[in-house]
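Please consult the sequence and the model shown here.

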Amino acid sequence: MIEKTASHPDPWRAVDAQPSAETMAAALEVRGGTPSQVRLRRRYLKWLPVRARDRVLEVGCGTGVVARDLASLVGRGGVVTAVDTSATLLARARALSRRVPGGRIAFRRADGHRLPFADGRFDAVLAITVILHVEDPLRVVKEMARVARPGGRVGLQDQDFGLIGAAHPDRELTARILDGVAARIYPEPHSGRRLGALLRAAGLIGVRMLADVYQDTTLTPFSRNFLERRAENAVRFGIVDEAAAERWLDGFNALYAADNFVLTMQYFGAAGVKPAKARP
Ligand SMILES: C[S@@+](CC[C@H](N)C(=O)[O-])C[C@H]1O[C@@H](n2cnc3c(N)ncnc32)[C@H](O)[C@@H]1O
């Protein structure tokens, strides 16, 4: 049964238990529509690759940003199955995918640690910005490998919170907030760079990696939301006081006003192939 509590510091572990679940759903759509994010997501899906007529499974689909792209890549001859633990996000995903062209999308409530599918059912199985959030990443990736067909692809893409490039007049404060918050929320803040090793540990072969970067010089709503949540959490975790958090955000606003705002966030994609015969 999918029943989680709100107690873990990472709200994405248990979206339905958060008072801000609807705001989180809206934030996924804002991120999904941000041009630099669209580019890096679609580049990754083509690189994996996802092909016409594929049967694809997406684990941790959220509001369906990736699933809608997948539907257009697999076309009418393909099928997209998309699972998530959150009923709130799935309801939003179903509503937003109603008139999407391409392959059919079937949304289903399920936990990536225990996928409710038979072995070998999918041509490609992927998880985008999910592995960072799950309790047991290796178990999730092994489940993804189990439901991929022999010769099928398993793909992961994640941010790496050790690789954020933020222009700010106070470098020490910036490092304290960004590194401190990431260390308290995620068991592995450097998840991105370790995705290839995770695929190999799950028994996949021919593992490749694709580094990419989110780049923003315009203080997009996604970047603003990211920085504001980091500031809020830095106060919540006792890393800085409210005055310092406010000073930190003011620093970004001043850079933006002078046309000097810069935020980059490194993403890593990884892909592996399920061997024809499972290793003993
Ligand atoms: C940051 S969101 C990414 C959503 C989507 N992949 C995207 O890129 O827009 C992380 C998602 O993983 C889901 N999630 C977290 N733990 C999960 C688990 N154990 N099994 C399946 N989904 C999970 C969350 O509910 C959330 O929708």
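In this predicted model, Y44 and W47 are three residues apart in helix α2 (residues 35-47), so about one helical turn separates them. A search of the whole structure finds seven aromatic pairs. Y44 and W47 form a tilted pair, with 5.7 Å centre to centre and 35° between the planes.

**The pair in helix α2**
- R208 is placed over the face of W47, at 4.2 Å from the ring centre.

**The pair of F161 and Y186**
- F161 and Y186 form a stacked aromatic pair, with 5.2 Å centre to centre and 15° between the planes.
- This pair links distant parts of the chain, the two residues being 25 residues apart.
- F161 belongs to strand β5 (residues 148-166), whereas Y186 lies in the loop between α6 (171-185) and α7 (195-201).
- F161 counts as buried because its relative accessibility is 5%.
- Y186 likewise counts as buried, because its relative accessibility is 7%.

**Cluster and charge around F161**
- One aromatic cluster is formed by F161, Y186 and F226.
- R230 has its charged end over the ring of F161, 4.6 Å from the centre of that ring.

Note on methods: Residues numbered from 1 in each chain as written. Predicted model: local features only at pLDDT ≥ 70, side-chain atom pairs only at ≥ 80, totals over all residues. Heavy atoms only, no water. Phe/Tyr/Trp six-rings, centres within 6.5 Å; stacked < 30°, edge-to-face > 60°. Helix = DSSP H or I, 4+ residues; strand = E, 2+ residues; numbered from the N terminus. Buried < 20%, exposed > 50% of the residue type's maximum accessible area, 1.4 Å probe, protein only. Lys NZ or Arg CZ within 6 Å of the ring centre and 35° of its normal.
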